[in-house]
Structures are given as structure tokens and as C-alpha cells.
Amino acid sequence: MTKTNTRTRTSDPAAQAVLSRLEGTAVATAYDRSDKQEPRCGFGELGICCRICEMGPCRIDPFDEGPKQGVCGATASTIAARHLIRQVAAGAAAHSDHGHDIVRTLLLTAKGEAQGFSIKSPERLRRLAAEWGIETEDRSDSDIAKEFAETALREFNRQEGEIAYPGLRAPEATVDNWRKLGLLPVGVEHEIVETLHRTHEGVDADYKDLILHGLRTSLGDGWAGAMLATDCGDILFGDPQPVRSKVNLGVLRADAVNIVVHGHEPTLSEMIVAASRDKEMLALAKKNGAAGIMVGGICCTANEILMRQGAPVVGNFLHQELAIATGAVDVMLVDVQCIMPAVVEHAGRFHTKVITTSKKARIPGAEHIQFEEEKAYDIAKRIVTRAVENFPNRGVVDIPDITTDLVAGFTVANIFTHLGGRYRASFRPLNDGIISGRLRGVAAVIGCNTVRKTQDDSHVKMVRELIANDVLVVMTGCGATACAKVGLLQPEAARWAGKGLQEICETVGIPPVLHLGSCVDNSRILVALCEMIKEGGLGEQLSDLPIAGSAPEAMCEKAIAIGFYCVASGAYVNFSPPMRVLGSPEVTRFLTEEVEELVGGKFCFEDDPIKAARLMMRHMDGKREALKLKPLMYSQPITV
Ligand code: SF4
Ligand code: MSK
């Protein structure tokens, strides 16, 4: 068997250690399965194959004399645009359905029907209720929460009018532009249904019209579904506060029971953390020869319990199989999204039990213990018991001794406090930092890992380049985990920042890279941008701001939906590997150039993370010039 260069697969030394150990064994990972997919279908890569109706599948030949239309006459542009906005709809559905479930848990909690849950942040509840025009005076928290949750639930499937958050939070000029373009969603579920209708055979064939509807659908995600997930999560589980923790496979313990929670939902995992501290469970662990119970996470469930509980992070997306391969995971508990079905086969080669918990996500071969809010704590104890009882079944355990410290738990509210001080909470210092030229701007680097690029490498290189050039970086999801692994999420990382960013970090005591949470928490970034406009001096609409975003290791449809709502909100967004539209020059041009004239944002599909970072900074410099801001104090303008 030929030796694979693990360094081209991952830049993480812990992952390299596990992959090297698996070389030559029968244990295959996503990387091996990816190799077996080569060569990939060029039509699929370019987005010009269509199987929407039963006359197909049809494909367009981009090069020679082959067909330029499908059987129905659909062109490359129609096919690419239809496929792309179906991906947007799927991504928006994933976030919004998750949001819907959290709002439902809030409602059950308010009614006293969710076992073990309580309203951890009544202050946040009252602030949000006031924002939504819900009476708070002389009412109990549960009474307010019930009305707020019922109002929020209606927001998902509103049938007329406009979703509420843009009018409540976004700058007027941005909202007016969305309204003028017809981009304000009615309700996210309605827009998703309309996407499926428009992209049905024989409906919308105009690629621009299709993409504009994709932008509308994505706004229903970012400004409704995901935003409600974040806000209601904070009400239920508490407003995150800056918290120290650790990341990477080395957080798994040889001497303790390890429960790895994986997926996206905070509901059951919060209960698992609570149950792991239960005296009865700890006594059972001791009886089974374990020194304690460790609960750590993978993917965004990790980020949820990190942000609010300081729980350690076992890893990001491509760590899910590697964690099992340490032989130290007693239970991998999965909920929804980003869970490779292969974990079950993988677990079968070790002692790990994979437990599915969502009624929406079962995997053949996994044990299913369904999560129900009404019995949440009992279910959590049952799962912890399974893990404890599996501890004595371990075989060879080999955990890479690699961990890194990190600080997470930033939110719009606590960034205010950090920047302005407890008694003068404000974004003024951030705006002043940008206006004075100490800071160039703000970048959001977000999203997944993918086997199509070296794990973590693009995130880390891009973020290093940005902070070195005085760009404050905010992160969520697996990208945040990637940068945490190399120490970029510690205040000490300011030493790698440009002089201007260093001065700000040292003055206010923040890292140059702020972890804002899970994928749905990208909505926190939207709110922070609104606060920057409100604070003044940086323009009238979101697209005036010297900001940019990137998903440099994008993997899933949710990343596409996020990219879409960021562009619709006026941001310049790098997305790599490119979306599957390159077979249509018209769609590519619309996404990367022409759409800017409408919404102020656009995509760039640069794969090289350093070049992409420079393009993002060039965009920020252009915005600085348009705002007539002072020259940069310490960094050079980007000209290439
Ligand atoms: Fe072919 Fe048109 Fe049917 Fe697509 S919708 S499969 S292009 S006939
Ligand atoms: S978990 S969506 S791989 S960031 Fe949110 Fe990571 Fe992307 Fe899943």
C-alpha cells in the first residue's frame, strides 16, 4: 500500500498523528473515500448537469459542439442557477428548522413542560421582548417567554408582510434597498417553498431572477431562522461570556469516560453536560473504574457547549472519525447536520457506541435514543449511563497529546462591554479604531473543513494574513476551531497582529480573533455590523462598511446559504472551493460582479487563502476610501 502524505490532508499535527497510525490498516476515513471518488464528474463540478425532471438527466457541454440545452431547452445558466438556489434553500432550511426547534423548547420551558430546562437569561428575554413590542411590566418570565416564543414560531411561516428583524435591527438604508429590490422575505418557510416551486421543471428560467430569489431566501435564514436560533438559545441557556477552554484530540482522557457530542443542537448536549456532573453518574463512573466523565464536542454542538459551559472542543468536522480512532470515545452522541454516516462503520472497528437522538436523523447501525424535551434530563442520564458502562470495553487507546488553550464566548453584548467598559458599553472604540486608521476593518472567517482542501490550512493562513494587516477577525463554526488549534483565539495571539490591532487588543484585553459561536451564530455578526452603522462614522448602510467575509474551506449547503445572506447584506464574500456554477459564465459573472450594483456585496471564488485575504483587504481599502477615512496608521494599502 502506498503511503499517503498526511500533511496534504491536514495541517493539524494531532490529525496527522491519527491518520499516520491508520495508514495501511483496514480503517478508512473520509480522505480515503474521497480519493476513491476521483476522477470526479466535470459536469457536476461545473454545475451544468440537471436531473430535475424525468426527461433527464441532461448535461451541457461547456467546450465543444455538444448540447448547449437540456431536453426542455434549459441553458447552462438556468441549470446552474436552479441548482445553486436549491442548495441555498437546503442550507436555510437546516438553520431555520434548528431555530424552530429551539423556539419550541423555549415555549415548552415557559409552559413548565421541558424537564431540566429553565430560562437562564431573563435579562435577555426581557430585552428581546421589549424589542418585539411584547409587554414586560408586571409579568413573570415564563409568561413573557410564552408570548415571545409563540410570536417567534409564527415568524417562521409568516404568510404575508415581512420578517421582523430587518426592520428592528438593520440600517434603514439597507432595509429600503431590500424593499426596493423585493428581497425582504415574507417568512423563511414560505421562501423555501417558493424556491422549490421556482426551480421545478418549467418554471423560472431566468438566472438573475432565480439568484435574486436565492438572496431573498437566504435573508430569511440569516435575519430570521438563524437569528431566532441564537437569540432563543441565549435566553434558554444563558448569554455567553468570555470563557477559557481547550481544543483538540488531546482533551480526550485516557482515565475518564469520554462522551463526544456532535452535530448542531444545544438542547440535549446542555443536559448531557449537566448529567455528567450528577453525583449518581460520577459514582457510577468510579464504580466502572473511571476517574470522571468528560463531555467534549465536535462541530457546532461543540461550539454551543463551549460558548456557554466552557466545555472542551475535541475537534472540527474532519475530526469526527479521528476522535473515534483514538479508541477513547465511549459514546458519540449525534443530533443533526454534518454527521458522516460513516461514523457508525468506523465506530464498529473500535468500542465506540454511536447514539442518534433526533427524530430527523437516524443512521443504520446506530442505537437510537430519541430526545424529548419533556424527559430531557432522564434521557441525558440514560445516555451518560451507556457511556459509563462502555468504558470498561475499551481496547487500545492512543490519544495524541496535543491541546491548545483558547478563549471563546464573545457576543454582540459582551463585545460592547469589552470595547467600551462596563459603564460605557459601546462600539465607539471599534468605530474609532477603524476611522482613525488603527484598524483596517473587520473580517468574518467562517465555515467548515472539506477533504477538497488541506484541513484547517486555509483558515489559519487567511486569518494570520488578515490580523497581521490590522484586520479584526470574528469567527464561528469549524473555522473557529481550526484557528483555536494554533492558538489564534488567545489574547497572546496579539503578538502576530499588526501594530494597530495589537494596540486595540492590549487596551481592551481581547484576542485578535473573536469566537462568536456556532453556524447559526453568524447572525451575531450581522447584528454587530448593524451596531457599527448605528454608532456612526462608517456610512449609512451595511455595504458601506470596510468589512469582508470568507468560507475558505466550505463544505455544505449551509455555508452557501450563509454566503448568500452575507452578500445580500452588502458584504464581499470569498467562497472556496467555488460554488458549482463555473460552467455558466453568466451566473459566475452575476455572482462575482454584477450583483454588487444591486446589493453592495458580491462573491469571489479565489482558492488561495493569502490571495483571497488580500482581495478582501483591497475591498476594505476601497470602502475606506469611499468613506474618506484617514490613511492606515501602520499597515500598507493593498494594491493587488
Ligand atoms: Fe433536462 Fe430540462 Fe428536465 Fe433538467 S428540467 S432534466 S434540463 S429536461
Ligand atoms: S459544523 S456546517 S462543518 S462549520 Fe456547523 Fe462545521 Fe460547517 Fe458543519
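Ala, Val, Leu, Ile, Met, Phe, Trp, Tyr, Cys and Pro are counted here as nonpolar, Asp, Glu, Lys and Arg as charged, and the others, Gly among them, as polar. The structure is a predicted model in which local features need pLDDT of at least 70 and side-chain atom pairs count only at pLDDT 80 or more, while totals for chains, interfaces and linings use all residues. Residues are numbered from 1 along each chain as its sequence is written, chains are lettered from A and ligands numbered from 1 in the order in which they are written, and side-chain values use heavy atoms, with hydrogens and water left out.

With those classes in hand, the shell around ligand 2 divides into nine nonpolar, three polar and one charged residues. In total, 13 residues surround ligand 2, where a surrounding residue has a heavy atom within 4 Å of the molecule. The closest are His264, Cys338, Cys448, Cys478 and Cys519. Helix 14 (299-309) and helix 21 (477-485) are the elements that give two or more residues to this shell; helices (H or I, at least four residues) and strands (E, at least two) are DSSP runs, numbered from the N terminus. Because domain 3 (249-393) and domain 4 (407-627) both give residues to the shell, ligand 2 lies between them. Domain bounds come from an automatic or database domain assignment, which also gives domain 1 (12-59) and domain 2 (76-237).

Ligand 1 has its own shell, which includes Cys50, Cys53, Cys58, Cys72 and Arg82. By class, this shell has eight nonpolar, two polar and one charged residues. Gly56, also in the shell of ligand 1, is joined to Pro57 by a cis peptide bond with omega about 5°. Pro57 sits in the loop between strand 1 (49-50) and strand 2 (58-59).

Turning to the pairing of domain 1 and domain 4, their C-alpha centres lie 29 Å apart. The contact (heavy atoms within 4.5 Å) takes 11 residues from domain 1 and nine residues from domain 4. About 850 Å² is buried between the two domains, with carbon and sulfur atoms giving 51%; buried area is the accessible area (1.4 Å probe) that two parts lose on being put together, summed over both. Three salt bridges are counted between these domains (a side-chain nitrogen of Lys or Arg within 4 Å of a carboxyl oxygen of Asp or Glu). Arg452 forms a salt bridge with Glu45, the closest N and O atoms being 2.6 Å apart. Helix 3 (30-36) and helix 4 (42-46) each supply at least two residues of the domain 1 side that touches domain 4.
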